[in-house]
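Me: I have a chain open on my screen and would like to talk it through with you. Could you go over it with me, piece by piece?

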Amino acid sequence: KRLSVPDRNGQCENVAMSLDFSKPGFGGSLVGRYANRIAGGKFTVDGTAYELPTNIAPDGMPCLLHGGPTGFHDKVWAARPFEAADGEALELKLTSPDGEGGFPGKLDVTCVYTFTKDNVWRIEWTATTDKPTPVNFTHHVYFNLSGEARRPVTDETVTLVADGYTPTGVGQITTGEIAAVAGSDFDFTVPAQVGARRKGEYDHNWVLRSQDGSLALAAAAEDAATGRRMETWTTEKGIQFYSGYALNANLKDQFGRDLFPCAAFAFETQAHPDSINKPSWPDTVLRPGQVFRSVTEYRFQTVK
């Protein structure tokens, strides 16, 4: 329930937020088989068409969101804590059977959390399959670096190491375009306050500069009042920055407290949304004999 890190004075407070665990939802959960959206819940692999049960329909456009109604967020994972070389770790394992949620192939998934002695939360994914199948995992934790003060994150400063983003159309489905951020409200190449533009309303995918699969800096956030800084490093090609603007008092956090707009933000490392239906974008199909690998690190620091 808690991820406690120090401020500039050494005061440790929780900076992670999940949604109420007693209700189904994605906030704070492991997300798969396919994070973000698949338009119409439909895709084709090697000439075979698949249709998945959709779970949202914004603007009347049905789509599969975050793996759909039978996604990873609603599963019980086999858990094994262990001592890692650089900290405490937890191994989580899951087998998703062939056809689950409409996806082809039996998918064996392992996710390892490591909490290092240097205030790093590392999330490492691996997966294998027995049939070609689309794969796109993420972790949907929210952050508020003000800690127990719970100030709106519109005051926090964000940097995104990305020169492009993927615009969306009807149903918040990506159009297939990669647009330059330069000169737009989506330019976070220079640190900017979340609430300085667009009333702080962001829920978009940025195309990271690093596209070669190496672990690289993707994003950073800072809270001036506490001095807390969080860097996000990832091997993924995209990151969804959601400012939490749609959070409201009808939702509660893991401690039963009412939420409010911009109560927390998410940095969801991922493949670009609906990539499986965008042939010109990086391939997200995992094939038998291959091993899917993905690493994301949330590195906590302090600044003066």
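Me: To start with, how many of the 10 residues of β12 are buried?

Reply: In β12, 7 of the 10 residues are buried, so this strand is largely enclosed by the rest of the structure. Buried means under 20% relative accessible area, with exposed over 50% and partly exposed in between, using a 1.4 Å probe and protein chains only. Please keep in mind that this is a predicted model, in which local features need pLDDT of at least 70, side-chain atom pairs count only at pLDDT 80 or more, and totals for chains, interfaces and linings use all residues. Residues are numbered from 1 along each chain as its sequence is written, and side-chain values use heavy atoms, with hydrogens and water left out.

Me: Which strands does β12 pair with, and over how many bridges?

Reply: Strand β11 (residues 107–116) is joined to β12 (residues 120–129) by 9 bridges, and β12 is joined to β26 (residues 292–302) by 8 bridges; both pairs run antiparallel. Two strands pair if DSSP finds at least two bridges between them, while helices (H or I, at least four residues) and strands (E, at least two) are DSSP runs numbered from the N terminus.

Me: Which residues face each other there?

Reply: Threonine 114 stands opposite arginine 122 in β12, and phenylalanine 115 has tryptophan 121 as its bridge partner in β12. Towards β26, isoleucine 123 is partnered by threonine 296.

Me: And what is the turn between β11 and β12 like?

Reply: The two strands form a hairpin with 3 residues between them, and asparagine 119 in the turn has a positive phi of about 60°.

Me: What sheet does this belong to?

Reply: It is an open sheet of 9 strands with antiparallel pairing, in the order β9-β10-β11-β12-β26-β22-β21-β16-β19. Its edge strands are β9 (78–84) and β19 (192–193), each of which pairs on one side only.

Me: Changing topic, what is the order of the sheet that contains β23?

Reply: That open sheet has 5 strands in the order β18-β17-β20-β23-β24, again with antiparallel pairing. At its edges stand β18 (179–180) and β24 (266–270), each with a single partner strand, so one side of each is left without a neighbour in the sheet.

Me: Is β23 buried or exposed?

Reply: Buried: 5 of the 5 residues of β23 are, so it is largely enclosed by the rest of the structure. Gly238, Gln240 and Tyr242 lie on one side and Ile239 and Phe241 on the other, so that both faces are covered. In general, side chains in a regular strand alternate between the two faces of the sheet.

Me: What are the partners of β23 residues in the neighbouring strands?

Reply: β20 (residues 203–208) and β23 (residues 238–242) pair over 5 bridges in the antiparallel sense, with aspartate 203 partnered by tyrosine 242 and valine 207 by glycine 238. On the β24 side, there are 5 bridges, and glutamine 240 stands opposite glutamate 268.

Me: Stepping back, how many helices and strands are there in the chain?

Reply: The chain has 0 helices and 26 strands. Its C-alpha atoms fill a box of roughly 55 × 45 × 40 Å, taken along the principal axes, and buried residues make up 53% of its 304 residues.

Me: What share of the contacts with a separation of 6 or more comes from residues 24 or more positions apart?

Reply: Such residues account for 67% of them, where contact means heavy atoms within 4.5 Å.
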